Every structure is written in C-alpha cells, then in structure tokens.
Amino acid sequence: MILAISERPRGRIFSFGPNWLRLGLASGLCLPWAACSNGEGESADESSASDSLGQSGDENNSHGDSMDTLGSSFEPFEGPIVSDPAPSSRFIRLNHRQWENTVRDLLRLPELSGLSSSFVAEPSTGRFDTHGGTLTVSGPQWLSYRKAAEILAKQTARDPQALAAIMPDSSGGQVEPRAFIEDFGARAYRRPLSSSEVTALVELFEKAGPLFESEDTPDDDYADGIELVLTAMLQSPHFLYRVEAQSERKGERIELSDYELANRLSYALTHSMPDAKLFAAADAGELKDRAGMAKHARRLLNSRPGQAMVKDFHDQVLHVREFETIAKDPEKFPLFGEGAIADLEREVAAFVDHVVFDAELGLRELLTADYSFANQRIAQMYDSSSTSTQAKSEFSKLMLDSEQRSGVLTQLGFLTANAEGVEPNIILRGVKIADHLLCLEVPPPPDAVPELPPLSDGVTNRQRVEELTADPACAGCHATFINPFGFALEGLDGVGQSRTLDHGSPVDTRASILLGDETVEIDGPRDLAEVMAASSRAHHCYALNWASYLYAREIDLELEVDEALTHQAGRLSWTIESTRNLIVELLTTDAFMTRAPEAKGDLR
Amino acid sequence: MSRYNAPRISRRMVLRGVGTVAVGLPMLDIFARQSPAYARAEASKVYSAFMLQQNGAIQGHGREPDMFWPRKFGAIDPEAMRGSDADRTTSELVDYAADLNFIRRLDFRYSNNHDGGPVAAGAAAPVRGSGTKQLPVSGSADDVIARAMTPGIEPLNVYAGRKGTFRDDAYAFREDGSLRIADNNPWNVFERLMGLDGLDPKQAELIQKRRLSVNDLVRDEMRELLGRADLSAEDRRRLDLHFTSIRELETDTDAVVGPKLDEAALKAIDGEHTENGNMEAVVRLQLELIAFAFASDRVRTATLQVGGCNDHTRYTIDGKEQPPFHYISHRIMSDGGSGDAIPNAIELHHQIDRIHARYFKHLLDRLSAYTLPDGRTLLDASVNLWCNSVSDGPPHSGKDVPHVLAGNAGGFLKTGQHIEAKGYNSSLLSTIISASGVRKANGDLVDDFGDPDSKGLVDAIIT
C-alpha cells in the first residue's frame with residue numbers, strides 16, 4: 001500500500017463538524033443511469049448539492065482531535081460516552097416484526113402468530129426499520145390491528161391451555177378479573193396500570209357476557225370478559241406504541257421511568273417486550289443506574305434474540321435483503337441455482353455472528369478478516385477449482401486468499417448483488433461503500449444520464465466507467481468518492497470469482513481514495529479494507545449506524561449532541577474493537593437513558 | 001386548512017343509531033335520500049381513479065418505435081384503432097374510444113425516474129428529501145379530492161405486487177406530503193369495504209356493540225394522550241391520524257346495482273397476493289374493489305399503484321415467463337446499464353404495455369357495469385387516469401409521460417380526443433380535480449394543484 005497526501009481537490013467539501021458526513025460538490029452532480037434501480041436514487045436534486053456548498057473542512061472539528069486522518073493520530077478512547085439526549089418521539093410505534101415478537105411473548109405463544117403478514121406492508125421511512133417514531137396508524141393499519149386483536153383474543157380466551165398460559169398464577173388457575181387485569185395489563189402496557197385504567201378494564205370485563213350471548217361458544221362469562229379485555233388491550237395505544245409519558249424536567253433532560261428504560265433496552269436489543277428479569281429490574285429500580293443497564297444489556301445481547309438483532313443490523317447495513325434480486329444465468333453459473341441466495345445470506349450471518357460473538361471483535365475484523373464461513377456451495381463459489389472439504393449444508397470457517405479477500409466487501413453476496421451478470425458494477429459497489437460503510441451522503445444523479453459505453457474486447461469495465469464519468473460534472477463525485485472504491489474490487493467479478501483479465505486486458509485495481517484530508521493510493525481489496533478499517537470515517541459511520549438502529553431514530557449530525565455522541569462512539573469503536581462493547585456503551589449513555597424535552601416552538 | 005372545497009355540498013360526520021347503539025359513521029351514504037340536496041348531490045357525484053404503471057412505455061422516444069399511440073392526432077377513430085392502429089397499445093381500449101382522451105407531451109417538473117417519478121405522477125409538486133426517501137411538499141390529487149368532497153373519508157389507496165424492494169409506495173400522499181401506504185392484499189381491502197355485511201343481523205349487532213365498547217376505551221386512552229400539552233407537533237399529528245382511523249362499522253352494500261365482488265376469488269388470493277404469478281389477478285381484483293367502492297359510494301377517489309417503483313414483475317408472454325419487467329425496460333438482463341441483451345425487449349415491453357392497457361380496460365368494464373340511481377353508469381360519472389412513473393425505457397425520462405384518460409366526469413370533460421397538451425402534468429391533475437367537483441375558495445376551477453410555479457388546465461378537454 002502506498003500512502004500519499006495530496007492537496008484537497010478544489011470545489012469539493014469533505015468536512016468534519018456539522019456537515020462532516022455530507023459530500024458536496026461545487027461542480028455539479030452526475031451518477032450514471034447504471035445505478036438506477038438499487039436504491040441510490042436517480043433524479044437530480046440540486047438542493048442536496050447546494051446544501052453542502054461553502055462548508056469548510058476540518059475547522060469544524062469541535063473536539064480537537066485529528067479525526068480526519070487515517071488512524072495514526074486517532075486518539076484512543078475507552079468511554080464512557082458523555083452525551084445529552086436529542087429530541088425524539090415519545091410514541092414509538094412497534095414495527096410489524098416487533099408487533100409479532102411482542103404478541104408471542106405477551107401471550108406466551110410457542111411461535112409467531114404470523115398475523116402481521118396481512119398487515120399493510122410498510123416501506124422503510126428511515127435509515128433502519130427500527131425507527132418507530134415515524135410509523136403511523138392509518139385506516140388500513142388500524143383495521144389490521146383490530147382484526148388481529150379479535151383473532152388473538154378469541155383464540156386465547158376460548159382455549160383453556162392458551163388461557164392458562166397468561167394467568168398470573170403459575171398453575172394456570174383462573175384468578176379474579178381485577179387480578180388478571182393488573183397482572184396481564186402490566187405486561188401488555190409494559191408498565192403497571194393506573195387505578196383508573198384497571199377500573200376501566202374491569203368495567204369492560206363485566207359487561208362482556210351479554211355481548212357474546214349469540215356466539216357459537218359455550219356460555220362462559222369469564223372467557224367472554226377475557227376476550228373483550230384482550231381485544232381492547234391489543235388495540236390500546238399503550239400496547240401499539242412505546243409510550244414515554246415522563247415529563248418532569250431535570251435541567252435539559254427528562255429522566256425516563258424504570259419501565260420506559262426497560263422498554264427502550266428490550267426493544268433495542270430483542271425487538272420485543274421486556275422479559276421477566278427486566279421487569280423485575282424495573283420493579284426494583286435497578287435500571288436508573290448505568291451499571292444496572294449495562295448488566296441487563298449484556299444479558300440480553302448474549303441471548304438468542306440479541307444475536308438475531310446483531311444479524312439484523314448488519315443485514316440492513318449491508319443490504320442483505322437485496323440479495324434476493326441476484327439473478328445469474330443458472331446455465332452459465334450452475335452454483336447460482338436453487339438455494340444459492342439463502343446460502344449467500346447465511347454466509348454473512350455466520351461470519352458476523354463469529355466476529356461479534358465468538359471472536360468478540362468489531363468493525364476492523366468485519367472489514368479485514370481473511371476468512372469467511374461456507375458450506376460446500378459457497379466454498380466452490382469462491383474457488384470453483386477447489387475440492388472443498390466443507391460440509392454440504394453446514395457452514396464452517398473457510399480460509400481465503402488474503403490478497404484477494406478481505407472481510408464483508410469481498411464476500412460473495414456483496415460482490416454478486418452489486419454486479420450485472422458476470423460484470424462487476426463499479427458504480428454500485430462504490431456507492432454502497434460510500435453510503436453504507438462511510439456514511440458519505442452521495443447526491444443523486446441527474447435525469448437521463450447516458451448509458452455506459454458497450455463492452456468490447458480491449459476495453460475494460462473500468463475504462464468504460466472512467467469514460468462515462470470523465471465529464472467534470474460527473475467526475476467530482478465519481479473520480480473521488482465513488483469509482484475508486486469500485487476500482488479496488490475489479491479483481492473480483494460479478495459472480496465473486498477472482499480475475500486478472502478483463503476483456504483481454506489486465507485488471508487494474510489501483511485507486512486513489514480520499515478519506516478525511518488525505519488521498520491514499522491503494523491497490524486491490526486488501527488495501528481498501530485495511531485503509532477503511534484504520535480510518536476514523538468508517539468507525540464513525542459504524543457507530544452512527546448502531547446509534548441510529550438502537551435509538552430508533554435518525555442521528556442528526558446537525559445537532560451538537562448527536563455529533564458529540566457519534567464522535568465519541570466512533571473513537572470507541574476504533575479503540576476497543578468490539579461490537580458488543582460498543583453496543584453496551586451506546587445503551588448506557590445519557591443520550592439513551594434520558595430524553596430531551598420537546599422544544600417550546602414544537603409544542604402543539 | 002385546505003385551499004380547496006366542494007362548494008355545492010357540505011360534508012361532515014353525523015351520527016346514526018344502529019339498534020341501540022349510536023355510532024360515528026361517514027356521511028357518504030346517509031343523506032336523507034328524499035331531500036333536494038341529496039338529489040343534487042347524486043347528480044353531481046364524480047368518481048376518480050388513478051392507475052400508475054411503472055418502467056415507461058414504448059412510445060417512440062429516441063430510436064425506439066412508437067407502439068403506444070394512434071398514428072393521428074385529433075378525434076380518436078375507433079375504426080383506425082381496430083385497423084391500422086391495431087398494432088398500438090391503446091387499441092386495447094377501442095371499446096371505449098368515445099370515452100377516452102389520449103394526452104401527450106406532459107412532463108414531470110420537480111422529480112423523476114423510479115424514485116421521484118411516482119411522486120410527480122401523483123402530486124406534481126416540489127419534493128423534499130432525495131432518492132427513494134423523497135416526498136412531495138403537498139398531497140396527491142386523490143387527497144385533494146377526498147378532503148374537499150368527502151371530508152373525513154380517506155381515499156382508497158391500493159397496490160398490486162410485492163413490497164420490500166427498491167421503493168414501494170410512492171403515489172398517494174396526504175396534505176403534508178406524508179406517504180399513504182396502500183394495501184396490496186385485495187382480501188384486506190374487501191374486508192374493509194364489506195365490514196359486517198353478510199352476517200346474521202343479531203350477530204352483527206353484537207359484534208358492533210363489542211367493537212363500540214372496545215373503541216370507547218381505546219378512544220378514552222387516546223384522548224388522554226392527546227390532551228397532554230407537552231406533545232410535539234409530529235407526535236400529535238401521528239396520534240391524531242390514529243384516533244381518526246378508528247371506526248365501528250361500515251355501510252351496507254345492498255343498494256349497489258351491478259356486479260358483486262367475487263368473495264371466493266378474493267379469499268383464495270389472500271396470502272398469495274404477492275406471488276409473481278398472481279400479479280394480473282391481483283390488479284384485476286383491486287380494480288374491481290375500486291369500482292365497487294365507487295358503486296357503494298364508500299369513496300369518491302382511489303389510486304392503484306401497479307408494482308414497486310421499478311416493477312420487477314415477471315409477466316408471462318407467449319406462454320413463457322419473461323425476465324423482470326424492469327430488466328426488459330432496460331433492454332438488458334440487469335437493473336443497471338450493462339448486462340446481457342434481451343433480444344426482443346422492445347416487443348416484450350410493448351406486450352407489457354398492452355397488459356396494462358387491459359388492466360385499465362378492466363376498470364372501465366367494471367365502471368360501465370354499475371348503474372347509478374339516475375341511470376348513468378359509473379363510467380359516465382367518473383374520470384379515470386392511467387399514467388406512468390417514467391416516460392420510456394432508457395433513459396427513464398420524465399418528459400412526455402403518457403397519460404390516458406377515460407370518462408367525462410358527468411359532462412365536465414370532452415372526450416374522444418388525441419391531443420398534445422404541452423406543459424406539466426400538474427395541469428392535467430388540476431383538470432381532474434376540477435372535474436371531480438373541487439373548487440378554489442372563490443369558486444373558480446382548481447388550476448394551481450401541486451406546482452407553485454405554474455397554473456393552468458388542459459383546456460382542450462374541458463367542455
């Protein structure tokens with residue numbers, strides 16, 4: 001690897017400070033049509049460019065560290081993170097997955113009900129699908145909730161076994177309505193009920209009998225009452241939202257109740273309601289204390305739902321869900337036949353699980369590991385000439401060529417999803433790295449950009465991309481922030497195989513990449529991964545993504561508190577090299593454990 | 001507060017007793033039916049449906065042939081559609097030649113391509129945000145019509161196809177530009193439309209009472225939350241939307257004169273509605289539901305988004321399942337700019353355009369099959385738009401986006417014309433909004449929908 005520092009290109013902004021993750025250009029924007037269907041946007045948005053204009057560079061680094069360098073002067077930081085809370089919604093609606101998990105755990109079902117499959121499918125409105133503060137309950141969704149509540153309530157109330165499972169008495173014996181409502185209600189609303197709430201629900205219970213008199217069910221007033229109360233509770237805003245009602249200010253913060261803390265922690269780590277131990281900790285007031293939160297954070301993180309959460313986070317960051325659009329000609333590439341996409345997804349899952357939980361490492365290992373996890377098919381995809389010893393279906397560790405392979409960027413799923421047939425898509429690969437792993441806000445391209453020149457012998461994939469993006473209006477982004485990342489991966493084709501020739505010419509994997517203020521000369525995927533793993537930017541981005549996912553909201557770097565949070569968390573990621581510890585640190589900050597009062601001007 | 005209104009009829013929520021239970025009920029079907037106001041309301045009801053196709057059309061852009069429009073402008077000639085223009089997509093609609101308007105040369109102004117084109121098609125407004133997150137700064141045409149003509153009743157927004165890909169819903173928006181998420185399961189839509197229809201009356205009444213009891217409790221909880229003085233504007237908006245979404249019952253459908261919904265078919269597709277092979281069936285069922293919702297006067301306006309914003313449906317043509325529609329629209333086996341060529345991509349795209357034309361015809365067939373109390377068909381009393389989120393295959397421009405209109409909106413529109421409108425699509429959407437009965441505060445036709453920088457109507461199609 002060659003390191004060289006060059007002058008900052010004129011007209012380009014790459015600032016740290018209020019806009020440090022925003023990429024802007026003075027010379028216009030261009031992103032070829034080649035990226036048009038993969039979520040990177042296609043339309044011109046002049047405002048996004050002009051927003052960034054005129055911003056200065058590292059003078060905005062309000063924390064005094066050399067954060068824009070590649071790592072050599074990156075000051076170690078081991079926490080704790082000190083940060084105030086940012087404004088956030090106090091009605092965070094459960095997303096469909098959380099609704100399913102919560103129903104299962106509340107009703108103690110052996111498995112998910114599956115009823116959310118008929119809910120109105122919701123598009124992601126934020127960086128992650130955990131951002132429940134933007135989710136709404138419109139007419140169709142409300143009807144879906146009502147339908148599901150009526151089905152679940154009937155199934156539970158009319159099945160003695162299901163009914164026994166939700167009784168407070170461990171023997172499953174029926175208790176007085178008030179006792180049932182107090183116990184079950186505290187789990188449904190995820191906090192103890194007020195006396196007025198209990199009274200209202202008891203009244204509902206008591207008037208249920210006559211409302212079921214013509215039903216095709218045995219005459220059972222107790223079951224009638226249970227069914228009606230369950231129907232109501234499952235439609236209650238206190239069930240459908242994580243309601244944060246505390247409002248008493250302490251300075252510029254509002255302290256959350258023990259139960260609100262339990263909810264934040266539980267949904268962040270397990271996408272479901274608090275378990276019995278967490279409720280008990282809330283009852284005992286253990287969660288107001290950082291150590292108490294950390295103890296339960298570690299416990300839940302190491303549970304099966306915690307592991308699933310870590311997988312889900314990386315799936316969303318790496319856009320693993322896009323793997324399902326991978327379409328390779330099965331006649332040319334028989335390994336991409338039935339079941340291939342699932343195997344590609346399992347490779348990422350097994351690798352992430354190993355790095356985070358077995359090796360207890362973090363981003364650096366995710367980017368630079370010279371191994372992956374494979375079954376027989378995946379091993380053959382890496383090297384079709386190998387006589388794989390991998391099991392046919394089970395995944396196990398597979399050592400890879402360390403010159404060609406380095407972590408998630410060189411895994412088969414990323415390479416094949418960002419390709420067209422066997423041809424790598426340099427632009428898509430570059431945009432994905434810039435956007436998802438470096439949090440560079442790549443502006444959308446203008447309308448109707450020309451097509452890539454056709455492939456032909458003697459003209460490499462790289463050359464045609466360079467030709468298309470040579471126009472100064474395009475080169476601002478492409479030459480500096482997009483293409484170089486893709487160029488470094490040109491030695492790995494669209495089906496993940498290593499290659500040295502591209503349409504008859506040698507593959508050129510050299511690239512100049514700008515990270516912070518320095519231009520770094522690299523050659524190939526190993527260099528790219530090493531530079532990223534050492535860079536402050538990648539660690540800040542990883543930390544920002546984690547904070548956004550766990551806090552269930554966008555992290556707004558225009559806000560001083562969010563910038564401070566991300567700044568420290570990025571340094572922490574770089575220093576401690578442990579995703580698990582990073583998560584626990586993020587969940588024990590004041591930013592997570594308290595909330596900001598609503599601004600006066602925003603109250604209605 | 002809306003800038004627009006319905007000057008002829010005032011709408012509001014009223015109460016009606018059902019058995020011993022008083023419940024909140026949308027106004028639409030509960031006018032005193034003998035009153036002069038009701039008669040005027042009946043005569044002036046206009047329904048509007050908006051159907052959005054994706055991925056452009058083969059309409060003569062660049063080096064590609066025009067396989068979409070009739071060869072001649074002017075009066076639409078059914079004989080030509082059956083003869084010399086039978087090779088054009090629009091010939092699929094020949095049965096309705098006299099009811100159609102083919103409108104050319106309308107552009108999207110503020111957003112385009114797969115992520116912004118659907119937004120422009122629905123709202124024609126400036127956008128905030130970028131890429132797949134971009135939203136309009138104001139509502140879509142259906143929202144304007146619903147708020148003005150049936151306050152308190154949301155438009156019916158439906159969708160066909162799988163979700164969870166590049167960008168899903170992007171066609172229907174509330175007044176503040178927030179997204180209305182459309183239901184892609186026809187069975188869900190059916191259940192919402194039908195409510196308790198078909199049940200034993202005694203049983204229906206008991207269910208109704210139980211729902212009322214539950215809703216009373218839930219509403220009290222929500223009122224308490226909404227009563228807090230320390231809510232942010234955004235949290236209050238979301239809770240308000242939830243609160244106003246709560247309903248007890250729906251109206252009966254006995255008075256509908258025309259085809260009943262195929263409950264068995266709707267039930268059969270429940271759970272299979274996102275399967276690729278069911279796409280055409282789902283579109284047809286959703287269109288039937290829209291027509292039925294109009295016929296039973298549940299809503300006055302509806303949207304159907306066909307497919308995600310880069311529709312990947314694999315249509316079966318000539319007995320063979322073809323590559324994803326988006327690949328075909330790129331003419332190569334990829335979402336991007338390079339990949340193996342699809343040799344007959346233009347013909348396949350044309351055939352998919354024809355499938356969409358047949359979808360639209362299915363809507364017109366259904367609208368024609370319903371008779372209103374005054375003897376007109378629903379098609380006579382409606383205005384229906386089939387448009388696209390992009391103009392063409394490569395390069396997916398926002399210029400000259402195809403727009404096909406059907407229905408004369410109770411005589412408001414001149415039909416049977418093939419015209420060049422030249423301008424932005426906001427002018428056509430303003431025309432549809434006006435045709436639906438919406439007026440500006442001073443009583444003038446709405447000519448300023450969406451676009452703050454230009455005003456106008458498509459005068460050539462207004463009587």
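Helices (H or I, at least four residues) and strands (E, at least two) are DSSP runs, numbered from the N terminus. With that in hand, welcome to a few close-ups of this predicted model.

**View 1. A serine in a loop of chain A.** A:Ser83 is found in the loop that runs between helix H1 (46-52) and strand S4 (91-93) of chain A. Is this residue, A:Ser83, buried or exposed? A:Ser83 has a relative accessible area of 4%, so A:Ser83 counts as buried, the cut-off being under 20%.

**View 2. The surroundings of A:Ser83.** Leaving aside neighbours within four places in sequence, A:Ser83 is in contact with A:Val561, A:Leu565, A:Asp590 and A:Ala591. A polar atom of the A:Ser83 side chain lies 3.1 Å from the backbone oxygen of A:Val561.

**View 3. An open sheet in chain B.** Here eight strands of chain B line up in the order S5-S15-S6-S14-S13-S4-S10-S9, with mixed pairing. At the edges are strand S5 (74-75) and strand S9 (156-160) of chain B, each pairing on one side only.

View 4. In chain B, strand S4 (residues 47-53) and strand S13 (residues 382-388) pair in the parallel sense over seven bridges. B:Ala49 stands opposite B:Asn384 in S13(B). Helix H11 (residues 345-369) of chain B packs on the sheet, where S4, S6, S10, S13 and S14 of chain B are touched by the helix. The direction of H11 makes about 170 degrees with that of S13(B).

**View 5. Confidence along chain A.** Chain A has a mean pLDDT of 84, and 84% of its residues reach 70 or more. Over residues 1-73 of chain A, though, the pLDDT is below 50.

Definitions and conventions. Residues numbered from 1 in each chain as written. Chains lettered and ligands numbered in written order. Predicted model: local features only at pLDDT ≥ 70, side-chain atom pairs only at ≥ 80, totals over all residues. Heavy atoms only, no water. Pairing = 2+ DSSP bridges. Contact = heavy atoms within 4.5 Å. Axes fitted to C-alpha atoms, helices over the stretch in contact; angles between N-to-C directions. pLDDT = per-residue confidence, 0-100. Buried < 20%, exposed > 50% of the residue type's maximum accessible area, 1.4 Å probe, protein only. Polar contact = N/O pair within 3.5 Å; in protein donor to acceptor, adjacent residues only side chain to side chain.
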